[in-house]
Amino acid sequence: MTPTWAQLAYLVAAVCFILALKGLSSPKTARRGNLVGAFGAVLACAIVFFAEDLDNLMPILIAIVVGTVVGVVGARRVQMTQMPQLVALFNGVGGGAAALVALLELDELSRFAEAHIARFDMAATGFTILVGAVSFSGSLVTFAKLQELMTTRPVVFPGLPVAFGAALLASVGLSATLVFEPNLSWGIVLAFVGLALGVLLVLPVGGADVPIVISLLNAFTGLAVAAGGYVLGNAVLLVAGTLVGASGTLLTKLMATAMGRSLFNTLFGALKGGSTLGAGEASDRPVRSAGPQDIAILLGYANRVIVVPGYGLAVAQAQHTLRELVDVLGEKGIVVDYAIHPVAGRMPGHMNVLLAEAQVPYEQLKEMDEINGDFKHADVVLVVGANDVVNPAAKTTPGAPIYGMPILNADEAGQVIFMKRSMRPGFAGIENELLFDPKTTLLFGDAKDTMSKLLTAVKAL
Amino acid sequence: MSEPVVWLTIFVLSVFVGIEVISKVSSTLHTPLMSGANAIHGVILLGAILVTGAAESTVAVAVGVVAVVLATVNMVGGFVVTDRMLQMFVRRPPRQPQEPRS
C-alpha cells in the first residue's frame with residue numbers, strides 16, 4: 001500500500017500537470033507552465049523510490065540516466081525545422097513504454113489464480129497494450145513521413161480497408177479473450193496487432209495532415225497511460241493520462257478546424273479515392289521565371305509587400321536573410337508584413353517559432369484572418385518556400401486533398417513572386433494553379449542563395 | 001463509494017479539467033502545447049519504475065529497463081524540447097498584451 005504522504009505528493013504532481021496545461025495555453029505563462037509540468041513529473045518519479053519497496057534499483061537508475069542523456073541530446077541537437085518529427089518520436093516511445101508496462105503487469109497478474117483478477121482490470125490492461133502499440137507504430141510512421149524517409153503522399157493499396165478492418169476486429173476479439181483468459185501470450189499477440197493497426201491507420205494520411213495525426217496519437221498515448229494508471233492503482237498516472245487524452249483530443253479538433261479538415265477526412269479521406277489529384281510530379285507547363293535583378297525592381301518600386309513564408313524557407317535557413325531584406329525594404333518606405341498561415345511550416349504555430357528564432361519583430365507577423373483582406377491592396381506578394389497555403393485549389397477544386405483548407409489570398413495581389421527550388425509540388429502533393437497565372441513570376445534556386453542575391457540587388461537599387 | 005467508482009470519478013473529472021484548461025489556446029501555441037502535453041504523459045516512467053521494481057525474471061527486468069529508457073526519453077526530451085520552443089516566444093517585445101485578433 002502506498003503511504004499517505006506519498007499519495008498526497010502524487011496529488012501535488014497531478015495539480016502541477018493541470019497548471020502546466022493551463023500555463024501552456026497562453027503565451028505569457030507558457031514557459032513557466034512547462035517548467036511546472038516538468039517539476040510535477042520529476043516529483044512523481046522521485047517519490048516512487050521512497051514510497052515503494054523496489055528491487056532492481058541499479059538497472060532502473062542506469063536506464064533513467066541513459067534515457068535522460070538520449071532525451072536531452074535529442075531535444076537540444078534537433079533543428080527547429082525538424083521539431084515536429086521529434087515530438088512524434090517522443091510520443092511514440094511514450095506509447096511503447098505504456099504498452100510494455102501493461103505487458104509486464106499482465107505477466108504479473110496472470111500468475112495469480114484467475115478468480116482473483118477483476119475483469120475490468122484485464123480490460124484496462126488490454127486497452128493499454130493495444131493503444132500504446134498503436135501509438136508507437138503510428139508515431140514511427142509519422143516520423144518517417146515528416147523526415148521524408150518515405151513518401152509524404154497518402155499510401156493506399158487495394159486491400160488496405162480490409163486489412164484495417166481485420167486488424168480492428170482482431171484487436172477487439174483479442175481484448176475480449178484477454179478479459180476472460182488472462183495470459184501473457186494473448187497480450188503479446190494483441191501488442192503485435194496494435195503495431196499493425198497503427199501502421200495501417202497512418203499510411204493513408206497525406207503529408208499535410210500528419211500534424212493532426214501526431215496530435216491524435218498524442219491523445220491516444222495519454223489514454224493508454226490513464227488506463228495503465230488504473231491497472232497499477234496509481235492515481236497520478238490516471239490523472240496525467242486523462243488530462244493529456246482529453247486536452248489532446250480537443251487540440252486535435254482545434255487543429256483540424258484551423259486547417260479546414262474534419263478528423264474523419266484526415267484519416268480516411270484517401271481511402272475514398274478522389275484525392276489523387278496531381279501526380280506529384282513536376283509539370284512541364286510553361287511558367288514565367290526571372291532573375292534576382294528583375295525581382296528586386298518589382299519589390300523596390302512597390303508600396304505594399306506581403307511575404308508568405310513557408311517550410312522551404314526554414315529548411316534553407318534563409319529566414320535571417322529574409323529579415324534583412326524586409327528591413328531594407330522597410331527603410332525604403334515600403335510597408336512589409338509577414339502573412340502566417342496557421343499551418344505554415346509543419347504544424348500549427350511552427351512558423352511563428354521559426355521566425356521568432358530569426359528575431360523577426362512580432363508586430364510584423366500577421367495571422368491569416370488579420371491579413372487576408374489586405375492581399376488585394378498589395379502590389380507584390382513574395383512567397384518563399386510555401387506552396388499549399390496559397391494554392392487556390394483549396395477554394396476551387398472539390399476533391400483536392402486540401403479542398404476546404406483556408407488559404408492566404410495571395411492570388412488577389414497585383415504580382416505574385418514564388419521563390420522555389422523546383423517545380424515540385426508542395427507537401428500535399430498537388431499542383432498549384434497559381435504558379436501558371438500570368439501575374440506570377442518564379443525565381444528558381446536555393447532559398448538562401450537566391451535570397452542573398454535578391455538582397456544585394458535591392459540594396460543596389 | 002466503491003473503489004471502481006472512485007476511479008471513475010477521478011477519470012470523468014479529469015476529462016472535464018483537461019478540456020477546460022486548454023479551451024482558450026491561441027493557434028500560435030498549438031505546437032508547444034502538444035509538445036508539453038506529450039511530455040506530461042511521459043510520467044508513465046513512474047509506472048515503468050514500479051513494474052521493473054517488482055519484476056522477478058531476467059526477461060521481465062530487461063523489458064522493464066527498456067520501458068524505463070523509453071519513458072525517460074519521452075518525459076525528459078519532451079520537457080526540454082518544449083522549453084526550447086518556448087524560449088523563442090519569450091524574446092518577443094511585451095508591447096502587445098494580447099494576441100491581435102480581428
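Me: Two residues are in contact if their C-beta atoms, placed from the backbone, lie within 7 Å. How many residues of chain B and chain A take part in the contact?

Reply: Chain B gives 78 residues and chain A gives 94. This is a predicted model, where local features need pLDDT of at least 70, side-chain atom pairs count only at pLDDT 80 or more, and totals for chains, interfaces and linings use all residues. Residues are numbered from 1 along each chain as its sequence is written, with chains lettered from A and ligands numbered from 1 in the order in which they are written.

Me: Which helices of chain B supply the side that touches chain A?

Reply: H1 (3–21), H2 (30–40), H3 (44–54) and H4 (58–90) of chain B each bring at least two residues. Helices are DSSP runs (H or I, at least four residues), numbered from the N terminus. H4(B) has the largest share, 29 residues.

Me: How do you know what kinds of residue make up the side of chain B that touches chain A?

Reply: Sort them by class. There are 50 nonpolar, 23 polar and 5 charged residues on that side. Nonpolar means Ala, Val, Leu, Ile, Met, Phe, Trp, Tyr, Cys or Pro; charged means Asp, Glu, Lys or Arg; the others, Gly among them, are polar.

Me: Why are H13(A) and H17(A) called roughly parallel?

Reply: Helix H13 (residues 319–331) and helix H17 (residues 447–459) of chain A pack at about 20°, with axes 9 Å apart. Roughly parallel needs an angle under 35 degrees; over 145 counts as roughly antiparallel. So H13(A) and H17(A) are roughly parallel.

Me: What makes the contact of H13(A) with H17(A), by class?

Reply: On H13(A), the residues include Leu322(A), Leu325(A) and Val328(A). On H17(A), Met451(A), Leu455(A) and Val458(A) are among them. The contact has 8 nonpolar, 2 polar and 3 charged residues.

Me: Which residues of H1(A) and H2(A) make the contact?

Reply: H1(A) brings, among others, Ala6(A), Phe17(A) and Leu24(A). H2(A) brings residues including Val36(A), Phe39(A) and Ile47(A). By class, the contact of H1(A) with H2(A) has 17 nonpolar, 5 polar and 2 charged residues.

Key. Axes fitted to C-alpha atoms, helices over the stretch in contact; angles between N-to-C directions. Parallel < 35°, antiparallel > 145°, perpendicular 65-115°, else oblique.
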